[in-house]
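Good morning, and thank you for coming.

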Amino acid sequence: RDFCLSRGLGDVYKRQGVNWGDEGKGRVIDLLAEKADIVVRYQGGNNAGHTVVTGQGKFILNLLPSGILHSKVICILGDGMVVDPEHLSKEIAQIREKGVLVTPDNLRLSSRATISMPWHRAQDELEESRLAKTGAAFGSTKRGIAYAYSDKYRKKTIRMGDLLHLDEPRIQARLKMMLDSKNLELSGCYHQERMSYPALLSWCEKQAALFAPYICDTGSYLEAALKNGKNMVLEAQLGAMRDIDYGIFPYTSSSSTISAYGPIGAGIPGEHLNQVVGVLKAYSTCVGAGPFVAERAMPEAWMEALRKSGGEYGAATGRPRRVGPFDAVASLYGLKCQKADKIALTKLDVLSSLDVIPIIVGYRHGDETTTCFDPLEDLDSCEPIVEYLPGWKEDISACTDYNDLPDKAKAYITRLEKLLEHEIQFISVGAERNQYLLKGEWL
Ligand code: GDP
Ligand code: MG
């Protein structure tokens with residue numbers, strides 16, 4: 001069986017996702033899903049957006065796995081996720097409007113996934129606004145993810161499966177305990193109105209009525225599927241730079257984004273991955289706060305032009321992304337965290353207008369230079385060491401064969417491979433499904 005995990009390695013460095021995220025994981029998963037039976041999201045919530053462009057138009061997915069656009073693929077929101085049911089309802093409604101079928105036959109929600117409660121979003125907004133007054137905001141997407149995860153670890157939240165047992169005293173007692181505690185925080189610290197128990201119960205009942213047919217023990221389902229030889233793709237939401245342990249803490253997400261966590265977050269903790277696909281962008285981008293060395297490499301006008309040609313505005317939030325050249329230092333670190341077998345390089349076409357193409361090949365810190373990314377270092381005081389390659393200055397968006405690429409584009413890829421000590425197997429040259437070419441052995 002093929003057991004693939006696609007994860008963002010991204011680019012970079014400080015930013016997120018393995019880059020910091022937004023490397024184009026959605027489109028790569030969409031492609032892998034063609035050969036998959038099941039696609040599982042294993043961490044995070046609705047705090048990032050993944051874009052897939054099909055013949056039916058452009059889809060931005062936040063919670064739904066990027067396999068949902070393939071009618072025969074079963075999609076799973078796994079144990080390691082936090083699920084905001086209100087957001088999920090809206091996302092399902094939007095995608096149905098475009099003619100995509102979403103039913104309990106092709107979407108299953110893990111009974112172990114943590115529920116993101118309405119107060120998590122409220123708390124995120126309140127705290128981020130408080131911090132913003134002192135200039136110390138995190139750049140949170142204000143979707144409540146950090147608060148949902150922290151309440152999971154405080155054992156003060158409920159999981160999707162609990163919605164199926166709302167009439168049981170044990171669940172009701174937990175809801176009351178959670179509510180008391182949350183009201184203390186929200187009314188005491190932030191002077192908000194207290195939520196009543198009947199209001200909480202009625203919110204839960206509403207979600208239960210909507211989602212009960214979708215909730216099940218997805219771990220057992222996946223185990224059985226693997227025994228039956230099914231192909232499975234695990235989908236990460238953000239890159240290594242945003243991993244809670246290995247990323248640029250505290251400018252990270254609140255979950256484990258790296259591939260080693262995939263089987264745990266998916267609900268099959270004893271399984272090993274057959275293949276890990278690292279997704280890197282041909283340049284660096286980062287949404288949100290935190291150290292991002294790449295943005296100090298080039299003048300503002302260069303960055304603005306790149307942002308425009310790459311459409312670098314957050315899929316979930318519309319925020320302009322911070323941009324810079326490909327950061328080999330951060331990407332090498334991301335690859336080390338992900339232990340990728342295959343690399344997908346996306347958005348190469350965006351560089352086509354450049355006369356020269358910068359690449360970050362090292363960092364300078366005082367008198368010292370390094371090619372090792374260290375998230376514990378004061379990255380804001382690191383300066384990028386930039387090397388320039390000649391640009392190819394021609395449209396490559398119709399190339400479907402590696403040999404069709406201009407020599408200078410091939411030279412750029414070869415240089416990245418050398419810096420990453422790893423071959424690149426997939427290169428995308430446009431957002432559409434068929435705008436990619438393969439080099440070497442793909443999956
Ligand atoms: P994800 O979060 O990693 O799934 O990535 P996003 O969807 O947030 O950002 C990637 C953006 O780049 C989306 O708007 C995609 O449609 C677009 N995209 C993906 N691959 C390519 C490509 O090869 N060329 C161009 N020009 N755009 C691409
Ligand atoms: Mg994204």
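What percentage of the 443 residues in the protein chain do buried residues make up? The share is 58%, where buried means under 20% relative accessible area, exposed means over 50%, and partly exposed lies in between, with a 1.4 Å probe and protein chains only.

Before going further, a word on conventions. This is a predicted model, in which local features need pLDDT of at least 70 and side-chain atom pairs count only at pLDDT 80 or more, while totals for chains, interfaces and linings use all residues. Residues are numbered from 1 along each chain as its sequence is written, chains are lettered from A and ligands numbered from 1 in the order in which they are written, and side-chain values use heavy atoms, with hydrogens and water left out.

The protein chain contains 11 helices and 20 strands; these are DSSP runs numbered from the N terminus, helices being H or I with at least four residues and strands E with at least two. Its radius of gyration is 22 Å, close to the 22 Å that the globule rule gives for 443 residues, so the chain is as compact as a globular protein of that length. That radius is taken over C-alpha atoms, and the rule is 2.2 Å times the number of residues to the power 0.38. The C-alpha trace spans about 70 × 55 × 40 Å along its principal axes.

Let me turn to the metal. The magnesium ion, ligand 2, is coordinated by Asp-22 (OD) and Gly-49 (O), at 1.9 to 2.1 Å. Asp-22 lies in the loop between strand S1 (3-8) and helix H1 (25-33), and Gly-49 in the loop between strand S2 (38-41) and strand S3 (50-54), so the pair ties together parts that are 27 residues apart in sequence. Donors here are N, O and S atoms within 2.8 Å of the metal (3.2 Å for Na, K and Ca); water is not among the atoms, so sites may look incomplete. Asp-22 is buried at 19% relative accessible area, and Gly-49 is buried at 9%.

Asp-22 also leads us to ligand 1: an oxygen atom of that ligand is 2.8 Å from an N or O atom in the Asp-22 side chain. A nitrogen atom of ligand 1 is 2.9 Å from an N or O atom in the side chain of Arg-27. Taken alone, ligand 1 exposes 580 Å², and the protein buries 91% of that; these areas come from the Shrake-Rupley method with a 1.4 Å probe, and for residues only the protein chains shown count as cover. Arg-27 is one of the buried residues of H1, a helix in which nine of nine residues are buried.

Where is Asp-79 found? Asp-79 sits in the loop between strand S5 (74-77) and strand S6 (82-83), and at 10% relative accessibility counts as buried.

Finally, the backbone. Most residues other than glycine have a negative phi, and most peptide bonds are trans. Lys-142 is partly exposed at 35%, whereas Lys-155 is exposed at 63%. A cis peptide bond joins Phe-249 and Pro-250, with omega about 5 degrees. Pro-250 is placed in the loop between strand S10 (232-239) and helix H8 (262-266).

Conventions: A polar contact is a pair of N or O atoms within 3.5 Å; within protein, one must be able to donate a hydrogen and the other to accept it, and residues adjacent in sequence count only if both atoms are side-chain atoms.
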